[in-house]
Amino acid sequence: MNKEFKKYVTDELLLIANNVTGEYTDKQVQQAKLELYNRGVDDKIIADIMEEKEEAFMRRLDAAARAEQARMDKRNERNRNISYKWWEMLFMFMFAPFYLFKRHYLPSDFFPKLKQLKAEKYDLKFRQRIISLLAGDMAWIFIYWVYYSFIKN
């Protein structure tokens, strides 16, 4: 099995010897260390190389996290001014009471679309949706009141 480790490059042997991923057995780790010693790499050099690799990895990880945060900030800023189309608002207005009749078992389940809009920073859409639903509900209540007060009597 030691012949198998002779094929690996030193960097791969360093990863195996330090068992970074935890996928190697103790026997494989020992054989990788033995191969590194045969190549003239001692413990101090191994530790220094792994420390450098870990620092480089952490720098890449930090850079990736900063890039992802910048992308999210840019997306959130772009989302703030996105609006519903007029026909979407009209549809919400006309069928507002039916949005309330969906089955919800817990208070945390109410209005999932509003929660999603708020989480994704669609500020304008959030306000438009609330206004459309409230106005639609009030219009339906008014129509119901007029129908049963004046027309039905």
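Helices here are DSSP runs of at least four residues, and strands are runs of at least two. With that in mind, welcome to the tour of this predicted model.

**Stop 1: the whole chain**

Start with everything shown as a cartoon. Of the 153 residues in the protein, 20% are buried. Among contacts between residues at least 6 apart in sequence, 65% join residues at least 24 apart.

**Stop 2: helix 8**

Now select residues 123–151, which make up helix 8. How far apart are its end C-alpha atoms? They are 41 Å apart, which agrees with the 42 Å that 29 residues should span at 1.5 Å a residue.

Next, colour the buried residues of this helix: Lys125, Phe126, Gln128, Arg129, Ser132, Leu133, Gly136 and Asp137. Their cover includes helix 5 (86–94), helix 6 (96–100) and helix 7 (112–119).

Zoom in on Ser132, one of that group. Its relative accessible area is 6%, and because buried means under 20%, Ser132 counts as buried. Leaving aside residues up to four places away in sequence, Ser132 touches Met89, Met92, Phe93 and Ala96.

**Stop 3: charges over rings**

Show the side chains of Lys118 and Phe126. The charged end of Lys118 sits over the Phe126 ring, 4.8 Å from its centre. Then move to Lys125 and Tyr122: here Lys125 lies over the face of Tyr122, at 5.3 Å from the ring centre.

**Stop 4: the aromatic rings**

The model holds seven aromatic pairs. Select Phe142 and Trp145 to see a tilted one, with 6.1 Å from centre to centre and 40° between the planes. Both residues belong to helix 8, three residues apart, or about one turn of the helix.

For a cluster, select Phe91, Phe95, Phe98 and Trp140, which form one aromatic group.

**Stop 5: the salt bridges**

Side chains of opposite charge can pair when their charged atoms come close. How many salt bridges does a search of the whole structure find? The search finds three.

Go to helix 4 (residues 43–79) and pick Glu68 and Arg71, which lie three residues apart, about one turn of the helix. They form a salt bridge whose closest N and O atoms are 2.6 Å apart. Glu68 is partly exposed at 37% relative accessibility, and Arg71 is partly exposed at 45%.

Finally, select Arg80. Its side chain meets that of Glu77 in a salt bridge, 3.5 Å from N to O. Arg80 also forms a salt bridge with Asp123, with the closest N and O atoms 2.9 Å apart. This second pair links distant parts of the chain: Asp123 is in helix 8, and Arg80 is in the loop between helix 4 and helix 5, 43 residues away. Through shared partners, Glu77, Arg80 and Asp123 are joined into one network.

How values were computed. Residues numbered from 1 in each chain as written. Predicted model: local features only at pLDDT ≥ 70, side-chain atom pairs only at ≥ 80, totals over all residues. Heavy atoms only, no water. Buried < 20%, exposed > 50% of the residue type's maximum accessible area, 1.4 Å probe, protein only. Contact = heavy atoms within 4.5 Å. Phe/Tyr/Trp six-rings, centres within 6.5 Å; stacked < 30°, edge-to-face > 60°. Lys NZ or Arg CZ within 6 Å of the ring centre and 35° of its normal. Expected span 1.5 Å × (residues − 1). Salt bridge = Lys/Arg side-chain N within 4 Å of Asp/Glu carboxyl O.
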